[in-house]
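Reader: I am new to this structure, and I would like to know what lies behind the words used for it. Could you take me through them?

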Amino acid sequence: MTQFSPDVEAAIDQVRADVARLHGELVRYGLVVWTGGNVSGRVPGADLFVIKPSGVSYDDLAPANMILCDLDGNVVAGTPGSERSPSSDTAAHAYVYRHMPEVGGVVHTHSTYAVAWAARGEEVPCVITGMADEFGGPIPIGPFAIIGDDSIGRGIVDTLRGHRSRAVLMQNHGPFTIGVTAADAVKAAVMCEDAARTVHLAREAGPLIPIPQDMIDALYARYQNVYGQAGDDRRDDEGPTP
């Protein structure tokens with residue numbers, strides 16, 4: 001049985017509980033079907049993260065069957081859930097945690113409208129104030145990559161490093177989001193789909209009206225600094241917060 005200090009054990013237990021609970025938010029907001037999609041969370045104070053098992057129904061997810069991994073994506077033997085296979089996206093999540101130490105949570109969904117933009121290889125333009133607030137500009141497209149190694153993770157990091165957006169649409173695949181916590185990354189996934197849907201519908205109805213870059217900058221600065229740090233319970237008057 002792998003042994004950790006009491007503080008690390010307590011942190012692992014908390015992240016297990018958070019990650020298990022947050023998968024319910026993906027179902028609640030209609031971002032996943034069947035067993036697709038995943039949430040992971042970094043364990044504070046340790047080079048570890050927690051992710052869902054592969055192929056397990058969302059109704060059956062619980063803290064005890066979440067899987068503990070090191071930052072290379074290896075399952076930590078002898079820990080609860082270690083008898084199962086981790087999510088097929090584990091290598092991508094691990095790559096993000098290794099290369100973006102500020103990230104505390106990663107989410108992947110196949111939400112309908114975001115995937116539709118990804119299928120076109122087209123970024124979601126920033127034409128609504130909620131996008132300016134949340135993402136500080138367009139939601140970018142990442143490169144085509146397939147599951148099996150850390151190619152998806154490299155695409156996420158290369159696209160989002162230095163970018164305001166906490167969401168990337170991997171071409172022909174779908175959205176991945178990051179956050180300072182797992183809950184923050186889930187919020188980004190919810191807001192990403194909301195933006196993708198709204199902008200899609202607007203474009204179907206007629207030409208989009210751009211927001212000037214200086215206004216995007218001002219909206220983003222106000223939202224990020226006046227409403228609190230990323231991951232806080234913000235936008236309670238304007239949109240969903242997990």
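Author: Here are the terms, each set against its definition. This is a predicted model, in which local features need pLDDT of at least 70 and side-chain atom pairs count only at pLDDT 80 or more, while totals for chains, interfaces and linings use all residues. Residues are numbered from 1 along each chain as its sequence is written, and side-chain values use heavy atoms, leaving out hydrogens and water.

Reader: Which residues of H3 and H6 meet?

Author: Thr 112, Tyr 113, Ala 114, Trp 117 and Arg 120 of H3 meet a set in H6 that includes Cys 192, Glu 193 and Ala 196; contact means heavy atoms within 4.5 Å.

Reader: And why is H1 called roughly parallel to H6?

Author: The axes of helix H1 (residues 6-28) and H6 cross at roughly 5 degrees and come within 10 Å. H1 therefore counts as roughly parallel to H6. Leu 22, Glu 25 and Leu 26 of H1 make the contact with Ala 182, Ala 183 and Val 186 of H6.

Reader: Why are H2 and H5 called oblique to each other?

Author: Helix H2 (residues 90-99) packs on helix H5 (residues 151-160) at an angle of about 40 degrees, their axes being 7 Å apart. H2 and H5 are therefore oblique to each other. On the H2 side the contact is made by Ala 92, Tyr 95, Val 96 and His 99, and on the H5 side residues including Ile 152 and Val 157 take part.

Reader: What makes H5 largely enclosed by the rest of the structure?

Author: Buried means under 20% relative accessible area, exposed over 50% and partly exposed in between, with a 1.4 Å probe and protein chains only. In H5, 8 of the 10 residues are buried, so this helix is largely enclosed by the rest of the structure. Among the buried ones are Ser 151, Gly 155 and Leu 160. Their cover includes H2, strand E5 (141-142), strand E6 (167-170) and strand E7 (174-179).

Reader: Is Ile 67 buried or exposed, and how do you know?

Author: Ile 67 belongs to strand E3 (residues 67-70). Its relative accessibility is 0%, so Ile 67 counts as buried. Beyond residues up to four places away in sequence, Ile 67 touches several others, including Arg 16, Phe 49, Val 75 and Pro 86.

Reader: Finally, how many disulfides does the structure hold, and how do you know?

Author: The structure holds 0 disulfides, a disulfide being a pair of cysteine sulfur atoms within 2.5 Å. For Cys 126, the nearest cysteine sulfur is that of Cys 192, 13 Å away, and Cys 126 is in no disulfide. Cys 192 is in no disulfide either. Cys 126 is buried at a relative accessible area of 8%, and Cys 192 is buried at 1%.

Note on methods
Helices (H or I, at least four residues) and strands (E, at least two) are DSSP runs, numbered from the N terminus. Axes are lines fitted to C-alpha atoms, for helices over the stretch in contact, and angles run from 0 to 180 degrees between N-to-C directions. Angles under 35 degrees count as roughly parallel, over 145 as roughly antiparallel, 65 to 115 as roughly perpendicular and the rest as oblique.
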